Amino acid sequence: MTASSSLTDLLHAAVTAVGGSERPGQVTMAEAVAEAIDGDAHLLVQAGTGTGKSLGYLVPALAHGERVVVATATLALQRQLVERDLPRTVDALHPLLRRRPQFAMLKGRSNYLCLHRLHEGVPQEEEEGLFDPFEAAAPSSKLGKDLLRLRDWSDETETGDRDDLTPGVSDRAWSQVSVTSRECLGASKCAYGAECFAEAARERAKLADVVVTNHALLAIDAIEGAPVLPSHEVLIVDEAHELVSRVTGVATGELTPGQVNRAVRRAAKLVDEKAADALQTAAESFERLMELALPGRLEEIPEDLGYALVALRDASRTVISAIGDTRDRSVQDEDAVRKQALAAVESIHAVAERIVEGSEYDVVWYERHDRFGASLRVAPLSVSGLLREKLFSERSVVLTSATLKIGGDFNGVGASLGLAPEGIEGDDLPQWKGVDVGSPFDYPKQGILYVAKHLSQPGREGSRSDMLDELAELMEAAGGRTLGLFSSMRAAQAAAEELRGRLDLPILLQGEETLGELIRTFAADARTCLFGTLSLWQGVDVPGVNCQLVVMDRVPFPRPDDPLMSARQKAVEEAGGNGFMAVAATHAALLMAQGAGRLVRATGDRGVVAVLDPRLATARYGSFLRASMPDFWYTTDRNQARRSLAAIDAAAKADGK
């Protein structure tokens, strides 16, 4: 790596190119990242909002010269990196490095348009063969319009990447023109292999110095054994607070009656009658059981479910071995029909076998959805061992986020990633260092953390009329300008319904419009308020006067009946630890840190984060949660909070905002 002065020159050139200003935290971060990469070491770096962390890791990574994979959680950051930060940074560094690093985006196969599906049709479920969705859908229907637009777009797009299509299309429409990796014929067998968008993306990634991907593809690369990402010497995980949940999602298996029945229909014409009947019988037994399934964890697999899963597993295995040519010679494109049938049956076999084998490291539970019915799910009790083994061997790893210090240190997040406490040595323990580079914002002067200590403690059910009264008073004092973060959709809906009748303020509710449209409307009008749940805690970036009050209705602990979280909590307790603090409190602290981070997004921002749950002030764990949040000025005085909001509102109006 270059000397420190040289790194400073490179960073200066990059910051100037993107129109930013250098900040001490960014310089500290860049130096720490360079040191970790040069020393083949691992680094956790907390960089607060406004630090400019993208350049803080891109500049030392580009200067190092080896291939780097950058994995992010959100589409917004992927776009920012590929469309803005990387092009400008590469241009700025080119004269100093005397080389022009190449960069590329890589996602999972189903994110790309499949030309085979588009031109040859979709394998039909009820009958053998393929059908043309463009002919089947009424041109005037929403699906028909989406499909026609996709066909036109296929002639224009260079990437075939779903996220480059604006406006987007429904999941249903996209499923007609995309395939999973299991359904793909493979470039050598596909008539469109030479033009394949997914293959082209992989080829670009092989030639690139920086590959930008997402957490899900990183998880697939780690879990499935077959490498999806090109070999790389450095891995940078941005938005690293999201990694464990994304990896858990990829490692979670699911069985539903609908999924099983689709697999039966797809395979029926490709195997002999005996194999098809056995799978059909197993599917029917499974469906009957699922009709009676009650939501909750299955600490032991009930005998009848065990029999049904063994039957599904064995029948699936027989079908997989027996799948051959279709019995109807008129079927077009047998390879595609066979591949989709195999993918469907293999998925059923894998999940059924996993649950039957009953690993002590897996959690199994029933879920019931109002619209989709019951499902049987299986997820790893922990992904820390997997991450320790797959992530931290044979490369330097840098993990960064605005929220990695929970309760004041990095060890909580480190443990979830499979890392021993910082400084603990051992032969098979990855060594790592934690660095907090701070934030350019003056949190005690820019924001107030107000805890409504006088309110009643939230219960599991029932209305919180005192909380709604308090919320109404705060919103009126703020003149709108409110982002309401709720722990459940039901609570958000109830608050919106109640306050729309009480206040002369526009209140937007998540789910009533696309998230992007809601955020745009909220950002455009000072009086408008936005209420919602989980994705708003992390996905809103509205600098300026239109977001001056961020309200959390309660401490966002996981639901007590959440099967996976409660199983993880119990496992910590059985190992002698504090399960509540390690799982529930850490989960809540991460969300509250992210939620509070919505308030101050620029150096001129002012406002209040109001937590309408007295436990943040009164409970023993309250100080742990507060230590995870930005260092705002803290008060439990409701009059102080209202006066401050009114003053901020008056100042904004005086400025004509």
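Strand S11 (residues 373-380) is mostly covered, with 6 of its 8 residues buried; buried denotes under 20% relative accessible area, exposed over 50%, and partly exposed the range in between (1.4 Å probe, protein chains only). Strands (E, at least two residues) and helices (H or I, at least four) are DSSP runs numbered from the N terminus. The model is predicted: local features require pLDDT of at least 70 and side-chain atom pairs count only at pLDDT 80 or more, whereas totals for chains, interfaces and linings use all residues. Residues are numbered from 1 along each chain as its sequence is written, and side-chain values use heavy atoms, with hydrogens and water left out.

Strand S11 is joined to strand S10 (residues 362-369) by 8 bridges, and the two run antiparallel; strands are taken to pair if DSSP finds at least two bridges between them. A hairpin of 3 residues connects S10 to S11. Strand S8 (residues 253-255) also runs antiparallel to S11, through 3 bridges. Val 378 in S11 stands opposite Gly 253 and is the bridge partner of Val 364.

The structure as a whole contains 7 aromatic pairs. Rings of Phe, Tyr and Trp (its six-membered ring) pair if their centres lie within 6.5 Å, and the planes count as stacked under 30 degrees, edge-to-face over 60 and tilted for the rest. Phe 441 and Tyr 443 form an edge-to-face pair, at 6.1 Å centre to centre and 80 degrees between the planes, and both residues are buried. Phe 557 and Phe 580 form a tilted pair, with 5.4 Å between centres and 50 degrees between planes. Phe 557 lies in the loop between strand S18 (549-552) and helix H23 (563-574) and Phe 580 in helix H24 (residues 579-596), so the pair ties together parts 23 residues apart in sequence. Ring pairs also link Phe 441, Tyr 443 and Phe 632 into a cluster.
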